[in-house]
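Good morning, colleagues. I would ask you to keep the structure in view while I discuss a few of its features.

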Amino acid sequence: MKHRHYRKEGIRTLLQMFEHGEATEQLTLRQILQGLEQSAFGMFLFVAILPAFIPIPGIGGAVSGPLVLLIGLQLVCGLSRPWLPAFIGNRGPRRGTMRTFLGKINRPLQRLDRMLKPRLQLLISPLPARMLTGLLLILVGILLSLPIPFTNYLFGFQLLLFALALIERDGALMLFNWIAAISAIVFFGLSSEQMVNGVIALTQRWFGG
């Protein structure tokens with residue numbers, strides 16, 4: 001059954017799918033996103049950033065970074081819902097992993113759930129807005145992928161706010177995200193030779209240069 005109204009795809013409703021069932025059961029991304037319309041990209045991003053919060057250097061960025069790049073690229077290309085290659089769509093987190101993560105962020109998530117609401121849709125829905133969001137996700141995803149010390153949680157939290165803005169379709173939060181992402185890119189990226197080299201390598205990979 002497809003969700004037809006925004007509030008039916010809000011944070012609490014979406015996350016109820018992880019609250020019941022066996023902890024060892026694996027939920028594939030295809031299952032998680034099935035039936036979602038407006039919130040599909042936000043939910044994809046929410047799941048994609050989970051590894052960024054694993055306290056093991058190099059693991060989070062190596063897993064989450066490419067997924068964030070895929071999401072950003074699809075938004076830049078104007079897709080209305082995520083496209084999932086089979087090797088990604090057939091994988092996903094275990095219920096227990098999601099419960100652990102949600103338990104850690106439950107208190108701030110509850111506060112945000114009371115604050116966030118659909119507003120300023122010009123910053124969410126039109127193609128130029130989605131393309132800008134996608135471009136910033138690509139750049140923050142590259143930063144997440146780089147071995148910059150002590151930044152996994154920083155970029156992970158920033159991407160979590162992007163996910164919540166997309167899920168709740170909150171343009172005010174999205175505007176904050178744009179400003180914060182641009183600031184992070186300027187501070188960490190433009191002064192980092194690794195960022196420049198990463199963008200060049202990514203461009204060559206995409207276009208076969």
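I begin with Pro 147, which counts as exposed because its relative accessibility is 62%, over the 50% cut-off. Please bear in mind that this is a predicted model. Pro 147 is placed in the loop between helix H7, residues 127-145, and H8. Along the chain, Pro 147 and Ala 62 are 85 residues apart, and their C-alpha atoms are separated by 9.4 Å.

The crossing in which H3 passes H8 is left-handed.

Which residues of H3 meet H8? They are Phe 41, Gly 42, Met 43, Leu 45 and Phe 46. On the H8 side, the partners are Leu 159, Leu 160, Phe 162, Ala 163, Leu 164, Leu 166 and Ile 167. The residues of this contact divide into 11 nonpolar, 1 polar and no charged.

Is Arg 95 buried or exposed? Arg 95 is buried, because its relative accessible area is 11%, under the 20% cut-off. Its side chain makes a polar contact with the side chain of Glu 25, at 2.8 Å. Leaving aside neighbours within four places in sequence, Arg 95 is in contact with residues including Met 17, Phe 18, His 20 and Leu 27.

Conventions. Residues are numbered from 1 along each chain as its sequence is written. This is a predicted model: local features need pLDDT of at least 70, side-chain atom pairs count only at pLDDT 80 or more; totals for chains, interfaces and linings use all residues. Side-chain values use heavy atoms; hydrogens and water are left out. Buried means under 20% relative accessible area, exposed over 50%, partly exposed in between (1.4 Å probe, protein chains only). A polar contact is a pair of N or O atoms within 3.5 Å; within protein, one must be able to donate a hydrogen and the other to accept it, and residues adjacent in sequence count only if both atoms are side-chain atoms. Contact means heavy atoms within 4.5 Å. A crossing is left-handed if the near helix is turned anticlockwise from the far one by less than a right angle, and right-handed if clockwise. Helices (H or I, at least four residues) and strands (E, at least two) are DSSP runs, numbered from the N terminus. Ala, Val, Leu, Ile, Met, Phe, Trp, Tyr, Cys and Pro count as nonpolar, Asp, Glu, Lys and Arg as charged, and the others, Gly among them, as polar.
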